[in-house]
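Reader: I am new to this structure and would like a close look at a single part, the place where the ligand sits. Please describe that part and then how the surrounding chain is laid out.

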Amino acid sequence: MTECIFCRIVSGELPSSTVYEDDHVLAFMDIQPVNPGHVLVIPKEHAADLKDLDPHLGGHLFQVGQQVAAAIRGASVLSEGVNLLVADGEAAGQEVFHMHLHVIPRFANDGFGFHFSPHYHDQTEREELDRIAEELRSNLGG
Ligand code: 5GP
Ligand code: ZN
């Protein structure tokens, strides 16, 4: 029996409130929502994180997230905006290691947000941006 709580939700062993389902993807309500209407979109097949996720499935997952965001906008929950968010890795805040896309309704002064380092407002030199961009291009095989 798997230990993964999201796999157990997919199998029906644990309860969830389904928002959307197809052969590859399940969307359900987050049990501890940042705001009412917070949805998680997951691949049905276990993938611990982004590197394990098939890119085509990732594309489909994002499409479903986009549709769920539109559904949230038309729903009765308060939503002046939406965050689509993936925490990939512990340092990024990932707690459940079955990849998931958060669809989070947002409104002014809802208390949620990102914390920036004191250096956030410093602009990076073009040389440094170019150096990193070149490295990433190379890693992308371009
Ligand atoms: P992470 O921090 O890994 O990006 O987010 C994990 C999310 O999963 C959290 O928002 C948390 O509330 C949600 N979560 C954890 N356990 C359960 C559960 O058993 N059921 C549901 N529906 N959501 C869960
Ligand atoms: Zn899993």
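Author: The model is predicted. The space that ligand 1 takes up is the largest pocket.

The shell comes first. There are 16 residues around ligand 1, and those that come nearest are D30, G93, E95, H100 and H102. By residue class, the shell divides into 9 nonpolar, 5 polar and 2 charged residues.

For E95, the atom concerned is a backbone N or O, and it lies 2.6 Å from an oxygen atom of the ligand. V96 also takes part through its backbone, with a polar atom there 2.9 Å from an oxygen atom of ligand 1. With H102 the side chain is involved: one of its polar atoms is 2.8 Å from an oxygen atom of ligand 1. As for cover, ligand 1 taken alone exposes 520 Å², and the protein buries 82% of that area.

Next, the elements that supply the shell. Helix α1, residues 5-11, and strand β2, residues 25-29, each supply at least two residues of the shell around ligand 1. The most comes from α1, which gives 3 residues.

Strand β2 also has a partner. It pairs with β1, residues 18-21, in the antiparallel sense, and 3 bridges connect the two strands. Within this pair, T18 stands opposite F28 of β2. The link from β1 to β2 is a hairpin of 3 residues.

Finally, the chain as a whole. The protein chain has 3 helices and 5 strands. Along the sequence, they follow the pattern α-β-β-β-α-β-β-α. The C-alpha trace spans about 50 × 40 × 25 Å along its principal axes.

To return to the part you asked about: ligand 1 takes up the largest pocket, with D30, G93, E95, H100 and H102 coming nearest among the 16 residues around it.

Conventions
Residues are numbered from 1 along each chain as its sequence is written. Chains are lettered from A and ligands numbered from 1 in the order in which they are written. This is a predicted model: local features need pLDDT of at least 70, side-chain atom pairs count only at pLDDT 80 or more; totals for chains, interfaces and linings use all residues. Side-chain values use heavy atoms; hydrogens and water are left out. A residue is near a molecule or strand if one of its heavy atoms lies within 4 Å of it. A polar contact is a pair of N or O atoms within 3.5 Å; within protein, one must be able to donate a hydrogen and the other to accept it, and residues adjacent in sequence count only if both atoms are side-chain atoms. Accessible areas come from the Shrake-Rupley method with a 1.4 Å probe; for residues, only the protein chains shown count as cover. On a 1 Å grid over the protein atoms alone, a cavity is a set of points where a 1.4 Å probe fits but cannot get out, and a pocket is an open set with protein on both sides within 12 Å along at least five of seven lines; lining residues have an atom within 4 Å of a point. A molecule sits in a cavity or pocket if more than half of its atoms lie within 2 Å of its grid points. Helices (H or I, at least four residues) and strands (E, at least two) are DSSP runs, numbered from the N terminus. Ala, Val, Leu, Ile, Met, Phe, Trp, Tyr, Cys and Pro count as nonpolar, Asp, Glu, Lys and Arg as charged, and the others, Gly among them, as polar. Two strands pair if DSSP finds at least two bridges between them.
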